[in-house]
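Here are my notes on the model, point by point. Please read them beside the coordinates.

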Amino acid sequence: MSKLKTFTKEIKKVLVANRGEIATRIIRACKELDIKTVAIYSEADAKSIYVKKADEAYLIPSDPIQAYLNYFRIVDLAKQTKCDAIHPGYGFLSENPEFAEYCWKQGIVFIGPHPDHIALFGDKMAAKKKMRELGVPVLPGSDEPISDIKKAKKIADEIGYPVILKAAFGGGGRGMRIVREESEFEDLFKSAFNEAKKFFGRGDVFIEKYVENPRHIEIQIMADKYGNVVHLGERDCSIQRRHQKVVEIARSPTLNEDVKRELYRTSVKAMFKVGYENVGTIEYLVDEKDNFYFIEMNTRLQVEHTVTEMVTGIDIVQQMIKIAQGEKLGFLQEDITMRGYAIEFRVNAEDPKRNFAPSVGAITSYHSPGGPGVRVDAAVYKDYVIPPYYDSMIAKLSVWALTWDQVVNRARRALDEFIVRGVPTNLPLLRAIVRDEDFIKGKFTTRYIEEKLPTFNLEDKTADLEDLVAAIAGAIAAYHKI
Ligand code: MV4
């Protein structure tokens, strides 16, 4: 542990070190707390909507990605504009312990956990070791990065095939390989190592027992500076494509109640014991026999926090700010009630009919759904031009209802209302999911998309309808010589 001392101060102005929908989300939280906001933007984001929503906004003249990563420049700007704190959002600098430490050293509150905790959980092997010591179940595997192939094969042999190789400093499935038999081990290890080295600068790879067809369940945690730790329940994030989450659900409609209770108890206890502070998410794999295993911890606000907000009524971003300025959690675990079910759909500018190739260009028509139990966190508007530099998520649609059946019906209705024209989106995929009988029954694992995709009809029917409406409107206008 480093000797870095953090501090508290009243937060009156926040620099938002991010872009897109999450920048808007943070600005909204600040406004409701009467906190001023400073946005930063790249040249490519000059016309992004969050830039207009902030009280002040500053161009970072750099390349499109680097603008959000140059932390000396960003902290400098925070000081110049008299901000008390920086909120990092997700991605970019959010899990960079050097950045968090630099903020504190420059007198700026980092709205997030202590840099030591970011560093600890950023090292997946160290995180696993720590969690095992705290009594959290983990999968058998190697305690050291693989350096000697012979020793590694011996470990794989002991735990039994299939095994999975994972990058110790990785993420997003990069540097990950499933090894089904010893003959493949060496080649797969080498490719995992090279990929990890290329993407993360460190080639450290470790071994773990592979779980076939798991569910991905994560527990949202919240902790203040005084040792009060609570959980906000679980999310089922099994529905992913190429390690990108597509649909996230709170609460799990099918997970056994005893297993849930055990996950909550284990997670809260572990976070109390490590002295964790602010919000975090503990990810588990749950196997077909309902055994659960810790895999990693995210020390940031997550994209899918919206569904937890909907079932608990707690504003997670406001809580992050309150915790950072030294407030005590104003409630106990028993004051938190989880009510109903919520589903988040990530609307991505990508073409499901062209292997999900990213779409760029102008949105020519945009209408977002509304009505009871519907929340939209969007980054776009009509005539917005999607730049090619960033990830493809343009909006999150989150729906809530009292029962699982009701929330699925509401999701179907809300997805059908959503109109995005000009660029292909994954809306046809999302609409197919909410009509799938296994999804409706709450039956899904991490293999869901790969299994279902070939059976889905991904024609954009609403686009056809829109074209028809436009054609008729045009014909009428022509007839009346408008
Ligand atoms: C696993 C696994 C099976 N066994 N680890 C994928 C991303 C990273 N967070 C961990 N991942 C997995 N780790 C063991 N020991 C299967 C996956 C996995 C997965 C996990 C969650 C959601 C989707 C997934 C898709 C493929 C593989």
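1. A surface patch collects residues with over 30% relative accessible area and no salt bridge; like charges are joined within 9 Å, nonpolar side chains (Val, Leu, Ile, Met, Phe, Trp, Tyr) within 5 Å. Leu468, Ile472 and Ile476 make up one such nonpolar patch, with about 280 Å² of accessible area together. Areas are Shrake-Rupley values with a 1.4 Å probe; for residues, only the protein chains shown count as cover. Leu468 sits in helix 16 (residues 461-479). Helices (H or I, at least four residues) and strands (E, at least two) are DSSP runs, numbered from the N terminus.

2. On provenance: this is a predicted model, where local features need pLDDT of at least 70, side-chain atom pairs count only at pLDDT 80 or more, and totals for chains, interfaces and linings use all residues. Residues are numbered from 1 along each chain as its sequence is written, and side-chain values use heavy atoms, with hydrogens and water left out.

3. Look at helix 1 (residues 20-32) against helix 11 (residues 316-324). Their axes come within 9 Å and cross at roughly 65 degrees. Axes are lines fitted to C-alpha atoms, for helices over the stretch in contact; angles run from 0 to 180 degrees between N-to-C directions. Arg25, Ile26, Ala29, Cys30 and Glu32 of helix 1 meet Ile316, Val317, Gln318 and Ile321 of helix 11 (contact: heavy atoms within 4.5 Å).

4. How many salt bridges are there? The count is 42, taking a side-chain nitrogen of Lys or Arg within 4 Å of a carboxyl oxygen of Asp or Glu. Arg19 and Asp45 form a salt bridge at 2.7 Å, N to O. Arg19 is in the loop between strand 1 (13-16) and helix 1, and Asp45 in the loop between strand 2 (36-41) and helix 2 (49-53), so the pair ties together parts 26 residues apart in sequence.

5. Check the backbone. Most residues other than glycine have a negative phi, and most peptide bonds are trans. Tyr161 and Pro162 are joined by a cis peptide bond, omega about -5 degrees. Pro162 lies in the loop between helix 7 (149-159) and strand 6 (163-167). Ala250 and Arg251 are also joined in cis, with omega about -5 degrees. Asn278, not a glycine, has a positive phi of about 80 degrees.
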